[in-house]
Amino acid sequence: MLQQPPTRTEAEMIAAILAGDTQLYHGLIRPHERSVYMMALSYMKNEADAEDVAQETFIKAFRGLASFRMESKFGTWLISIALNEARTRLRRQAIVRMESLDEPPDENAKVSPALLRDWREIPSEIVEREEVRRLLQRAVESLPEIYRQVFLLRDVEELSVNEAAQVLEISIPSVKVRLHRARMMLQKQLTPQLKTVTAAPKRRWFQWS
C-alpha cells in the first residue's frame, strides 16, 4: 500500500514556494479562495469584478509572498490584500462614494435597540427563504463603509477581534465599537421588515397526496 505523503503546514508550503517550488502555490491558496471571492463580491456587487479582484489578490500575494510575516494568519493577509484591491478599484471606477476610514463615527447618531439581540438569532428556517436573504444582503450593503468592513470581517469571515483590527489597521476598541454599531443598525433596519415577512401566511412547499 502506498503511503500518503505527510500534510504540509502553511508555513512549510510558503518556505517551499519561496525556495522555488511554485507549483505548491495553488494548494496554499485553495482553502482561502471562497473567502477572498466572497469578500470581494461584498464590495464589488458584481461577480465579474469580484473574480478580477480575487485573481489580482492571489497574484499580488504570490509576488509579495517573501514579505509575508508569520505573525498573522495567511488567510488574514489575503483578506487584507483583497480589501485593498477592492477599495482601489472602487475609487478608480467611481462606483461608490466611500467614506474615509479616518472619519470618526457620528457620535450623535441615534440607533434604537431592536428586538433582535444579534442578527444571527434569526431562525434558520426563516433565513432559508430567498426574500429574507435578499433583505439581509441589501441591509449589509447599505451599512456605512467603516461599519460594513468590521461586520464582514467579524460576523461573516469570523476573524478574531485582533485579526480584524490588524486587517483594518485600527485599534481593538474601535473594532468592538464599530461591530456593535453595525449590528444595531442592521437590527433597526431589519426588524420591521422581518416582522412583515414572518407575519405572511406560510406557504405549503410540498403537495402531499
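View A. Glutamate 85 is buried at 4% relative accessibility; buried denotes a relative accessible area under 20%, exposed one over 50%, and partly exposed the range in between (1.4 Å probe, protein chains only). The model is predicted, so local features need pLDDT of at least 70 and side-chain atom pairs count only at pLDDT 80 or more, whereas totals for chains, interfaces and linings use all residues. Residues are numbered from 1 along each chain as its sequence is written, and side-chain values use heavy atoms, with hydrogens and water left out. The side chain of glutamate 85 meets that of arginine 89 in a salt bridge of 2.7 Å, N to O; the term requires a side-chain nitrogen of Lys or Arg within 4 Å of a carboxyl oxygen of Asp or Glu. Both residues lie in helix H5, 4 residues apart, or about one turn of the helix. Helices (H or I, at least four residues) and strands (E, at least two) are DSSP runs numbered from the N terminus. Arginine 89 is also buried, with a relative accessible area of 14%. A network of salt bridges links Lys60, Glu85 and Arg89.

View B. Side chains of opposite charge can pair when their charged atoms come close. By the rule applied here, the count of salt bridges is 5. One of them joins the side chains of glutamate 145 and arginine 148, with an N to O distance of 2.7 Å. Because these two residues are 3 residues apart in helix H8, about one helical turn separates them. Glutamate 145 is buried at 6% relative accessibility, and arginine 148 is buried at 6%. In another pair, arginine 183 bridges to aspartate 155, the closest N and O atoms being 2.8 Å apart. Arginine 183 belongs to helix H10 (residues 172–199) and aspartate 155 to helix H8, so this pair ties together parts that are 28 residues apart in sequence. Arginine 183 and aspartate 155 are both buried.

**View C. The packing of helix H8 against helix H9.** Two packed helices are described by the angle between their axes and the distance between the axes. The axes of H8 (residues 145–156) and H9 (residues 161–168) come within 10 Å and cross at roughly 140°; axes are lines fitted to C-alpha atoms, for helices over the stretch in contact, with angles from 0 to 180 degrees between N-to-C directions. H8 is therefore oblique to H9, a term for what remains once angles under 35 degrees (roughly parallel), over 145 (roughly antiparallel) and 65 to 115 (roughly perpendicular) are set aside. H8 contributes Gln149, Val150, Leu153 and Arg154 to the contact, and H9 contributes Val161, Ala164, Val167 and Leu168; contact means heavy atoms within 4.5 Å. These residues divide into 6 nonpolar, 1 polar and 1 charged, where Ala, Val, Leu, Ile, Met, Phe, Trp, Tyr, Cys and Pro count as nonpolar, Asp, Glu, Lys and Arg as charged, and the others, Gly among them, as polar. Within H9, Glu163, Ala164, Ala165, Val167 and Leu168 are buried.

View D. Threonine 76 lies in H5 (residues 74–93) and is buried, with a relative accessible area of 5%. Neighbours within four places in sequence aside, threonine 76 is in contact with Leu159, Glu163 and Val167. Isoleucine 79 lies in the helix H5 as well and is buried at 3% relative accessibility. With neighbours within four places again left aside, isoleucine 79 is in contact with Ser35, Val36, Met39, Leu153, Glu157 and Val167. Isoleucine 79 and leucine 153 are 74 residues apart in sequence, yet their C-alpha atoms are 8.7 Å apart in space.

View E. Most residues other than glycine have a negative phi, and most peptide bonds are trans. Glutamate 158, although not a glycine, has a positive phi of about 60°. Glutamate 158 is found in the loop between H8 and H9 and is exposed, with a relative accessible area of 62%. Just after H9, glutamate 169 takes a positive phi of about 60°. Glutamate 169 lies in the loop between H9 and H10 and counts as exposed at 72% relative accessibility.
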